[in-house]
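Trainee: I would like a close look at one part of this model. Please take me through the place where the two chains meet.

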Amino acid sequence: MRYVDEFRDAGLARALASRIASLVEPGRRRKLMEVCGGHTHTIYRYAIDELLPAEIELVHGPGCPVCVIPMGRVDDAIAIAGRDGVTLACFGDMMRVPGSAGSLQEASAAGADVRVVYSPLDALRIAREEPGREVVFFAIGFETTAPSTALTLRRARAEGVANFSCFCNHVLIEPPLRALLDSPDLDLDGLIGPGHVATIIGSDAFGFVAAEYGRPLVVSGFEPLDLLRSIEMAMLQIAEGRCAVENQYGRVVAGPGNAAALAVIDEVFAPRPTFEWRGLGFIDSSALGLADDYADLDAERRFPLAGARVADPRECQCGEVLTGAIKPWECRVFGTACTPEHAIGTCMVSPEGACAAYYNYGRHTRQREAVG
Amino acid sequence: MCLAIPGQVVAIVDEQNRLARVDVAGVRRNVSVGLLDADGGATPGDWVLIHVGFAISRIDEEEARATLGLLEQMGTEYEQELAELKGSVIE
Ligand code: SF4
């Protein structure tokens, strides 16, 4: 119990751990997937996996937005940034994500105008301040982030900021979860649902996981105690033979979600027929593009882009990490050719990525798995 | 960009564009509260969860303090997020 004293309530953490231990059947493996990269981070930061009985295995899901952007889209962003008179504004997390010929950071060092922004509204302000430049916001993120981009575009439209556009890479949580749950060799007993995505779409939106796939899902907060409690709730469902969507994070997440956010997503975006995910391939209706009403603010329609599909590097196993098929240390380049300083795959770049979480918290070895 | 940080609304600074001044761990910046409109908006004194310059949810003070405590323990990632917030000028 390495970190238990750092918990807000160490006694409660111990009590939860022993309740969880009482819910497993000895020798019967249970696999739970935490969908969100933020949860992965907390689990390794606090060594929550070490508080659990050996029967429970936590696997990581596809919920890190930086990790799922494919190479081809990074290449397109670099191509946009390289155009004369164009400024590309992006979140800091995207700077080191590898494309097929380098990252945005390298493009910036070579002279492209790439600026790190905290908010899409900062990108819009840059466009207002520098009317002589084309400012493109490189939008990424799940439903947590999409409404912020949407409100920014609505405002750009209202103010008539003609030199602003959006290179849209927003993705949706339900399609990759369905793809995962549809997989014929699915081996998953329950899911820990992403708390911040649920703030926007609501916990009710995960109903399909229980109703159609017969798996329990518990929407969870981000504190270590939240995760322990969510694991307990999922294990209790399994022990009682139930499956439902439960909301452990009710103090922040409402069943129906955030109505204003959902409305602006609907107004500004339209689902794309298909979209490529790094390591997972193409998934139908899994991403958002700009609605026809907002076509004039769409960087993909404003600039000719290669839109090429670039295969992931041969040695990269991010796809298997993102579906929980392997643990990060099982990737053949983990910690050797692929480190946070020189990442081959995205799961090592983003601090929310499973590989980075393992690496940063010293899980370089198979020790724990060997004893578990 | 994956973090959501609690902040306390200090003042509404632009009614039309739904911008509020918030205090995040002593850093005062503007964020949009437009996503809270269906939920009664935000008023000074409210605690909100902020993601990429937008309040995505109202939270209570206890939740805000617990979340801040958690973030502080994260170290570099939280510092990085605060540094990016400090560089933000939303108007
Ligand atoms: S170690 Fe690197 S290449 Fe392998 S799965 Fe992780 S991020 Fe991808």
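Mentor: What follows covers the interface, then the ligand site and the confidence.
The model is predicted. The contact draws 45 residues from chain A and 34 residues from chain B. Between chain A and chain B, about 3,200 Å² is buried. Carbon and sulfur atoms give 59% of that area. On the chain A side, Y118(A), L121(A) and R155(A) lose the most area to chain B. Together these three residues make up 21% of what that side buries.

How many salt bridges does the rule find across the interface of chain A and chain B? It finds 1. R251(A) pairs with E63(B) in a salt bridge. Their closest N and O atoms are 2.1 Å apart.

Now the ligand. The space it takes is the second largest cavity. The residues surrounding the ligand include C316(A), C318(A), C331(A), C338(A), C347(A) and C355(A). Also among them are Q317(A), V321(A), V333(A), F334(A), G345(A) and M348(A). By class, the shell around the ligand holds 10 nonpolar residues, 2 polar and no charged.

Last, confidence. Chain A has a mean pLDDT of 91, with 97% of its residues at 70 or more. Residues 366-372 of chain A fall below 50. Beyond near neighbours in sequence, that stretch has 10 contacts in the model.

Conventions
Residues numbered from 1 in each chain as written. Chains lettered and ligands numbered in written order. Predicted model: local features only at pLDDT ≥ 70, side-chain atom pairs only at ≥ 80, totals over all residues. Heavy atoms only, no water. pLDDT = per-residue confidence, 0-100. Contact = heavy atoms within 4.5 Å. Near = heavy atom within 4 Å. 1 Å grid on protein atoms, 1.4 Å probe; cavity = no way out; pocket = protein on both sides within 12 Å on 5 of 7 lines; lining within 4 Å. Sits in = over half its atoms within 2 Å of the grid points. Nonpolar A, V, L, I, M, F, W, Y, C, P; charged D, E, K, R; others polar. Buried area = accessible area lost by both parts, 1.4 Å probe. Salt bridge = Lys/Arg side-chain N within 4 Å of Asp/Glu carboxyl O.
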